[in-house]
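Good morning. Please look at it as I go.

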Amino acid sequence: MKYRTLASLITPTAFIFSLPAVAAIEPAAIDAGPVKVVPMISAQVGYDDNFFSTSANEEDDTITVLSPSVQLIAEDGLNAYRLTYQISQGMHQDHSSDNYTDHNLSADAHLEFSQRSVLDLNAAYNKGHEARGTGLSATGGIANSIDAPLEYDTQTVGFSYIYGAPEATGRFQVYGEHLDREYQNFRSVTEGRDDTEVTLGAVFYYQIMPKTSLLFEARNKDIDYDLDPANSLDSETRKYFVGATWEGTAKTTGTVKVGVSEKDFDSASRKDFTSSSWEASVRWAPRTYSVVDISTSRSAAESTGNGNFIDTKSYNVNWNHAWSDIINTDLGLGLTNETYEGAADGREDDTTSVNMGLNYDMRRWLTFGLNYSYSDIDSNLANTDYSKNLVMLTINASL
């Protein structure tokens, strides 16, 4: 089961950069009676040659990020509970105004009432930031003239309940999440982007082979912005999927869903949108030491200030290969197409990203990762194209 052992509860420190995963440490826990305490720390040093993601007058920077964390874990039979706190301190050599301190506190519980009745609960508080040149401050965004990172708080609670034994012909899952977001600075610009997002969904799994099931899913996401002008961005997005999920069949494991998505705006001044939709994630393991992950999706991202929303199609592939017990590499390629629906300028962006990583397990409790990433944005909107190179050295340590 998901949380049956201590090792399955321990998660590595989250990193601030989206790079290939570094080598995984195997931390030891401090036994404090009924609770296990797992401290960890991550240190990153990197160089970004286009720190603000601009098409001209690029500025580079050297970045250092320290991220200590601690997990408290308790187990009671097949039930398990975890509390995690992490602080991330980002320091910039040439742009001190972009320094930041992020905090994340999360709690989750895994409850098995019986073999066929399992409930997962989670809650999190995140005090985070959007680096300049990303999110609302990206080119064309409503906050692209700010002189420091955007700071925000999010509070999230969620659940997932499954009824039906793993080997049963039919299983039913319901899930949900409530997220509340509030920006903390540059309020004259960001106040209108405070929002609440409520997601509810249900999935029925019908087993057709021992390790393969068909699935039928319905999902609704309601987005409600705190400010409600006449041209409000408040909306509901409904998705309906059919698909399949399988494990260990012909060296592959995966889930593939296809269906339709409907985005309906509360404001009559914004055009509703209906389109095809898909979500797929497949792992191919031709060897125990070589794994290829392939994923693709189509989703509707919220507008950053241009248009009604961003119709986003993404395609990603990553290959991880272990050359020995202590050395492995990552190689990844990503393609993303973003169409700004409802934008007067008809903006459309194509992003190509390449990631390469070398990971070294020096000790059970100490690992190193050297990663390089390249991203290139090709847009039909003038002064929006850019490319950047990022090199990052990561050190993970635990007890």
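Start with Arg 347 and Asp 349, whose side chains meet in a salt bridge, with 2.7 Å from N to O. A salt bridge here is a side-chain nitrogen of Lys or Arg within 4 Å of a carboxyl oxygen of Asp or Glu. Arg 347 is buried, and Asp 349 is buried too. Buried means under 20% relative accessible area, exposed means over 50%, and partly exposed is in between, with a 1.4 Å probe and protein chains only.

Before going on, what kind of model is this? It is a predicted model, in which local features need pLDDT of at least 70 and side-chain atom pairs count only at pLDDT 80 or more, while totals for chains, interfaces and linings use all residues. Residues are numbered from 1 along each chain as its sequence is written, and side-chain values use heavy atoms, with hydrogens and water left out.

The term pLDDT is the predictor's confidence in each residue, from 0 to 100. The chain averages 93, and 94% of the residues score at least 70. Over residues 1-6 the pLDDT is below 50, and this stretch has 21 contacts in the model beyond near neighbours in sequence; contact means heavy atoms within 4.5 Å. Residues 13-22 also have a pLDDT below 50, with 41 contacts in the model beyond near neighbours in sequence. Where pLDDT is low, the predicted coordinates should not be read in detail.

Back to the charged pairs. How many salt bridges does the structure hold? There are 21. Side chains of opposite charge can pair when their charged atoms come close. One of the pairs is Asp 194 with Arg 187, where the closest N and O atoms are 2.6 Å apart. Asp 194 is buried, at 3% relative accessible area, whereas Arg 187 is partly exposed, at 29%.

Another is Lys 221 with Glu 197, where the closest N and O atoms are 3.4 Å apart. Lys 221 lies in strand E10 (residues 212-225) and Glu 197 in strand E9 (residues 195-209), so the pair ties together parts that are 24 residues apart in sequence. Helices (H or I, at least four residues) and strands (E, at least two) are DSSP runs, numbered from the N terminus. Lys 221 is partly exposed, at 31% relative accessibility, and Glu 197 is buried, at 10%. Salt bridges that share partners join Arg 181, Asp 195, Glu 197 and Lys 221 into one network.

On a 1 Å grid over the protein atoms alone, a cavity is a set of points where a 1.4 Å probe fits but cannot get out; lining residues have an atom within 4 Å of a point. Grid points are joined across faces, edges and corners, and a volume is the space filled by probe spheres set on the points.

A search of the whole structure finds 2 cavities of 30 Å³ or more. The largest cavity has a volume of about 80 Å³. Its lining includes Lys 239, Phe 273, Arg 298 and Asp 311. Which strand gives the largest share of that lining? Strand E13 does, with 4 residues. By class, the lining of the largest cavity has 3 nonpolar, 5 polar and 4 charged residues. Ala, Val, Leu, Ile, Met, Phe, Trp, Tyr, Cys and Pro count as nonpolar, Asp, Glu, Lys and Arg as charged, and the others, Gly among them, as polar.

Note on methods
1 Å grid on protein atoms, 1.4 Å probe; cavity = no way out; pocket = protein on both sides within 12 Å on 5 of 7 lines; lining within 4 Å.
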